[in-house]
Amino acid sequence: MDFDLPEELAEVRKLARDFAEKEIAPCAAKDDREHTFRKDLVTKMGALGFFGCTIPEEYGGNGLGFLAHALISEEIARVHSAIRFYLNMQAGPAVTLLEFGNEEQKRRYIPGLLNGESYGCFAITEPDAGSDVAAMKTTATRSEHGYILNGTKIWITNATVADAGVIFAYTDPSKKHNGISAFYVNLHQPGVSRRNLDKLGARASPTGELVFENFRIPKESLIGQEGDGFKICMRHLNHTRLSSAAAAVGLASAAREAAVSYANQREQFGQKIGQFQMNQDLIAQMIVQEEASRLLVHRAACRADRGQPYNLEISIAKYAAAEAAAFSADAALKIFGAYGYSTEFPVERYYRDAKAYQLVEGSMNIQKLIIAQDALGYRKANR
């Protein structure tokens, strides 16, 4: 088993790191403070092929694979976690269309998502439907020329800026989760209102609410068949969990790097604070959790690249990486002391941003349910 990256993937990682440090880092604090959505970065990331790793060349991608996507996610999040969300909003809908869309949908929509010309999103969550996806109330009722969508989606990344997105709704509520369908819809039409939602972290990534009132959808917008929505949603979350898990590793790395650097500079009681064993204990735990999480993410990505089921592996990786990010950000703040609580240093941003990874793409409790039920034989994750 070779733990070293192939030369091509090592170059991908270097390209992403260089881009993040040159294009993202200089304005990270300002973008966070001002809640700035960086359209220019979406364009530049698209031009570099960052959104197209999981898409073949015939649809505008580069086919480098899921591990390449994970490496890019980690490097972007290491510099600014909020910008990493742009990857999921472009690549997530694209890979869903690749796997479940028809040929016309693939050729019409995927290239624009990959080159950054069209801003994407996906809308699952509702006020009363978070982890319980099947509790959604949004409906898509058949009409003469397609469907009429009614309902509210909340905590939707890119809600206020998206041009189009994957929307999940019931076409037949009587069938419960088997009655959910998925649609790729143009959001620049009458019948949808948007509202921005302020939040603790990831402030350079807009989050909001979408309210659909008699929103008309052409029948050509249906992805797959009616009733495929739940299956599509679970598959979609697998892919977006991979990027989120990799990003959490990147954030953990950033916190650890900041803590080590500060511990080697700050002096108290006549010595560098890194010489105190309590700080060494925190740093050692940060390193172990970061390294273990990275290997778990890479294992899941490699299974995805081989076309193998990876539901279990990505839940393990997502859980471990999110916990590592939260621990490392908290530990870094402790090592920095009052300076960690100050906006003068990025540690407070790491602390705020880390919490998102314990919530998005399936909460920590959902990941633990998947892992434990698989182990107990109640519900096999990779069935």
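Biologist: How many salt bridges does the structure hold?

Modeller: The general idea is that side chains of opposite charge can pair when their charged atoms come close. A salt bridge is counted when a side-chain nitrogen of Lys or Arg lies within 4 Å of a carboxyl oxygen of Asp or Glu. The structure holds 26 salt bridges. Please note that this is a predicted model, in which local features need pLDDT of at least 70 and side-chain atom pairs count only at pLDDT 80 or more, while totals for chains, interfaces and linings use all residues. Residues are numbered from 1 along each chain as its sequence is written, and side-chain values use heavy atoms, with hydrogens and water left out.

Biologist: With which residue does E75 form a salt bridge?

Modeller: E75 pairs with R17, and their closest N and O atoms are 2.7 Å apart. E75 lies in helix α4 and R17 in helix α1, so this pair ties together parts that are 58 residues apart in sequence. Helices here are DSSP runs of H or I with at least four residues, strands are runs of E with at least two, and both are numbered from the N terminus.

Biologist: Is E75 buried or exposed?

Modeller: A residue is called buried under 20% relative accessible area, exposed over 50%, and partly exposed in between, using a 1.4 Å probe and protein chains only. E75 is buried, at 2%, whereas R17 is partly exposed, at 29%.

Biologist: Which parts does the salt bridge between D32 and R352 tie together?

Modeller: The side chains of D32 and R352 meet at 2.8 Å, N to O. D32 belongs to helix α2 and R352 to helix α11 (residues 347-354), so the pair links parts that are 320 residues apart in sequence. D32 is buried, with a relative accessible area of 5%, and R352 also counts as buried, at 9%.

Biologist: What should I look for in a helix such as α1?

Modeller: An α-helix has 3.6 residues a turn, so residues three or four places apart point the same way. Helix α1 (residues 7-24) has 18 residues and reaches 25 Å from its first C-alpha to its last, close to the expected 26 Å. That expected span is 1.5 Å times one less than the number of residues.

Biologist: Which residues of α1 are buried?

Modeller: L9, V12, A16, F19, A20 and I24 are buried. They lie on the same side of α1, because they cover an arc of only 100° around the axis; the arc is that of the directions from the helix axis to the C-beta atoms. The face turned away from this buried side carries the exposed residues E7 and K22.

Biologist: What covers the buried residues of α1?

Modeller: The cover includes α2 (28-34), α3 (39-47), α4 (66-79) and α5 (81-100).

Biologist: Where is A162 found, and what does A162 touch?

Modeller: A contact means heavy atoms within 4.5 Å. A162 is in the loop between β3 (146-157) and β4 (164-170), and it is buried, with a relative accessible area of 0%. Leaving aside residues up to four places away in sequence, A162 touches Y119, G120, C121, L187, H188 and R194.

Biologist: Where does L295 lie?

Modeller: L295 lies in helix α8 (residues 277-305) and is partly exposed, with a relative accessible area of 46%. Just after α8, G307 takes a positive phi of about 75°.
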